Structures are given as C-alpha cells and as structure tokens.
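Have the sequence and the coordinates open as you read.

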Amino acid sequence: MQKIIGVRFKKAGKIYFFDPGRYEDIKSGDFVIVETPRGLESGEVVIGVREIPTAKNTNEKTLPRPRTIYRKATRFDLTRIAENRKQENDAYDICKEKIKEHGLPMNLINVSSTFDMSRMIFYFTAEGRVDFRELVRDLAYLFHTRIELRQVGVRDEAKQLGGVGCCGRPLCCTTFLGDFVPVSIRMAKEQNLSLNPTKISGICGRLMCCLKFENDYYCEQGPSVSYKEPKIGERVVIDEGEGKVVSVNNQNRTATILLDNAKTVTAAFENIFE
C-alpha cells in the first residue's frame with residue numbers, strides 16, 4: 001500500500017497528489033510546502049492521508065509514484081505565504097500601469113507566484129496575439145524574478161474572478177469544480193431546457209457547467225431501470241386511459257399526460273406504457 005495526500009494550490013483548483021513522507025499526521029486543512037516543476041509552492045491539504053494499492057507486478061498499469069512533500073508549513077511559512085499574497089496584489093497594480101503605459105490590448109486577470117518567489121505568473125485575456133516582450137522586460141527588472149505571461153480563455157477568467165450565476169449562487173467553477181469538462185447543447189435538450197443561449201449560458205458566455213454534472217440526474221439510470229422515459233408528443237397508456245405526453249419532469253421521474261377525454265394527469269415513469 002502507498003500513502004498519499006491531496007493538495008490544492010488554488011481555491012477550487014485541481015487536486016494534486018503527494019507522498020506525505022514522514023509527516024503522517026497531516027490532515028485536511030493543513031498547509032504544506034511541496035516541490036513542483038515550477039519550484040517550491042505552498043498548498044492546502046484537501047484530502048488527508050490515504051492508502052492506495054501499489055502495482056503487484058511490472059505489467060500492471062499504475063499511476064507514477066507521487067513526489068514527497070518538502071515539509072509541513074511552519075508558522076514562518078504561513079507568514080511568508082501572506083507576504084507573497086501582498087506582493088502579488090502589488091504586482092497586479094504595477095502590471096496594470098505598465099500595460100496602460102505600453103498601450104497593449106490585453107486585460108490583466110490575476111497574478112500568482114511560487115512560494116520561493118522564483119517565478120511570477122500574470123494571467124490575462126486578449127482577443128488575439130499580443131507582443132508583450134517589452135512588458136516582460138519591465139516586470140523582470142522591477143521584481144528580479146522569472147516572469148511568465150499566460151493568456152487564458154473566458155472560462156478561466158470567470159473562475160479566477162468569481163461571481164454569481166443566474167441561480168443566485170456563487171459560480172460552480174470558483175467553489176468546487178476543479179477542472180472544466182466539455183458541455184454540449186445536447187445536455188440542455190435532455191434536460192428540457194430552453195435553447196435560448198442567454199438562458200443556458202453562464203457569465204463567461206459559454207454553456208453553463210451545471211448542464212454537465214447535473215445531466216446524469218436527467219438521463220436514464222442504466223439497464224437496471226425497467227421502464228422507459230417517455231418523450232414529449234408520444235402517445236402512451238396509463239391506468240386512467242390513453243393520451244399524449246405534454247411535459248416531462250426528469251428529476252421527479254414523472255410526466256404530464258393529456259388524455260383523450262381532455263383530462264390532464266401526472267404519472268410516474270414506471271406507470272406509463274407505450
């Protein structure tokens with residue numbers, strides 16, 4: 001068995017797995033210092049110590065062995081993390097001024113840095129390619145560290161800035177969705193939603209992420225289900241008589257049927273027959 005912990009470097013970011021090493025008392029909510037391809041970084045433990053089986057033979061496919069954490073964050077480390085966040089805020093303001101000074105057609109979104117401040121990453125959006133070489137030189141001269149500028153899409157912009165969706169709740173991508181998954185218009189059709197783009201799009205202008213992770217509740221539950229989901233306009237038979245399906249509620253697994261005698265009734269899927 002192999003011990004691992006799950007670490008996030010950003011709120012609602014992707015979870016990365018590490019070997020706790022000798023720090024087996026680490027629990028969810030603790031902060032750790034880990035070594036990544038970008039350098040030393042600080043992250044929050046979101047999955048406590050767990051054991052996973054290792055490969056029994058060389059032919060068995062298994063995930064590569066995770067890196068061991070550098071150390072558990074000390075009180076000095078937590079102070080330094082807070083100082084890094086302050087420097088990121090200052091760098092954001094300075095970069096905004098430099099962008100305006102160079103007249104670049106780009107919109108700065110966020111700034112992040114590694115724990116050891118060996119690298120600073122500036123995230124921005126733009127309609128096309130931007131020549132930011134002069135901007136990088138200015139930032140490198142001011143901060144004396146490696147500078148990276150990364151152009152992100154509208155979904156990443158919404159994830160980093162945050163906001164409130166049309167449901168009145170904070171955006172899913174900023175609260176619990178660790179990564180983006182493809183969303184199709186077919187999912188909206190299966191959920192009987194209006195295909196009006198303004199009603200099924202999020203504040204980023206793309207199809208709402210909830211169409212994906214809620215889609216399973218609207219679809220049939222597999223071969224174990226003995227009944228078939230009726231379609232709107234289909235003629236069916238129920239105990240009260242024969243009629244036409246006028247609406248379907250996939251969450252409650254019920255359908256509204258207009259009988260031939262002009263009476264409207266609601267029936268469960270399992271009580272509807274073709």
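## Starting at serine 42

In which strand does serine 42 lie? Serine 42 belongs to strand β4; strands here are DSSP runs of E with at least two residues, helices are runs of H or I with at least four, and both are numbered from the N terminus. This is a predicted model, where local features need pLDDT of at least 70 and side-chain atom pairs count only at pLDDT 80 or more, while totals for chains, interfaces and linings use all residues. Residues are numbered from 1 along each chain as its sequence is written, and side-chain values use heavy atoms, with hydrogens and water left out.

Serine 42 has 13% relative accessibility and counts as buried (buried is under 20% relative accessible area, exposed over 50%, partly exposed in between, with a 1.4 Å probe and protein chains only). Setting aside residues up to four places away in sequence, serine 42 touches Phe9, Val32, Ile33, Ile81 and Phe115, where contact means heavy atoms within 4.5 Å.

## The five-stranded sheet

Strand β4 is part of an open sheet of five strands, ordered β2-β1-β4-β3-β5 with antiparallel pairing. Two strands pair if DSSP finds at least two bridges between them. At the edges sit β2 and β5 (71-72), each pairing on one side only.

Strand β1 (residues 2-8) is largely enclosed by the rest of the structure, because five of its seven residues are buried. On one hand, β1 pairs with β4 (residues 39-52) in the antiparallel sense over six bridges, and isoleucine 4 stands opposite arginine 50 there. On the other, four bridges join β1 to β2 (residues 15-18), again antiparallel. Across that pairing, isoleucine 5 faces phenylalanine 18 and arginine 8 stands opposite isoleucine 15. β1 and β2 make a hairpin with six residues between them, and alanine 12 in the turn has a positive phi of about 60 degrees.

## Aromatic pairs and charges over rings

Phenylalanine 124 is buried at 1% relative accessibility, while phenylalanine 132 is partly exposed at 24%. Some rings have a charge over the face instead (NZ of Lys or CZ of Arg within 6 Å of the ring centre and within 35 degrees of the ring normal). Arginine 80 lies over phenylalanine 115 at 4.9 Å from the ring centre, and lysine 159 lies over phenylalanine 180 at 5.8 Å.

The largest nonpolar core has 16 residues, and Met106, Phe122, Leu135 and Leu149 touch the most other members. Such a core is a set of buried Ala, Val, Leu, Ile, Met, Phe, Trp, Tyr and Cys residues joined through side-chain atoms within 4.5 Å. At least two residues of this core come from each of α1 (75-102), β6 (107-113), β7 (119-125), α2 (133-143) and β8 (146-151).

Leaving out neighbours within four places in sequence, leucine 135 is in contact with Cys95, Lys98, Ile99, His102, Leu104, Met106 and Leu149. Apart from this core lies another, of 11 residues, including Val236, Ile238, Ala255 and Ala267.

## The four-stranded sheet

Strands β9-β10-β11-β12, in that order, form an open sheet with antiparallel pairing. Its edge strands are β9 (235-238) and β12 (264-268), each of which pairs on one side only. From one strand to the next the twist averages 50 degrees, using axes fitted as lines to C-alpha atoms (for helices, over the stretch in contact) and angles from 0 to 180 degrees between N-to-C directions.

Between β11 (residues 254-259) and β12 there are five bridges, and the two run antiparallel. In this pairing isoleucine 257 stands opposite valine 265 of β12.
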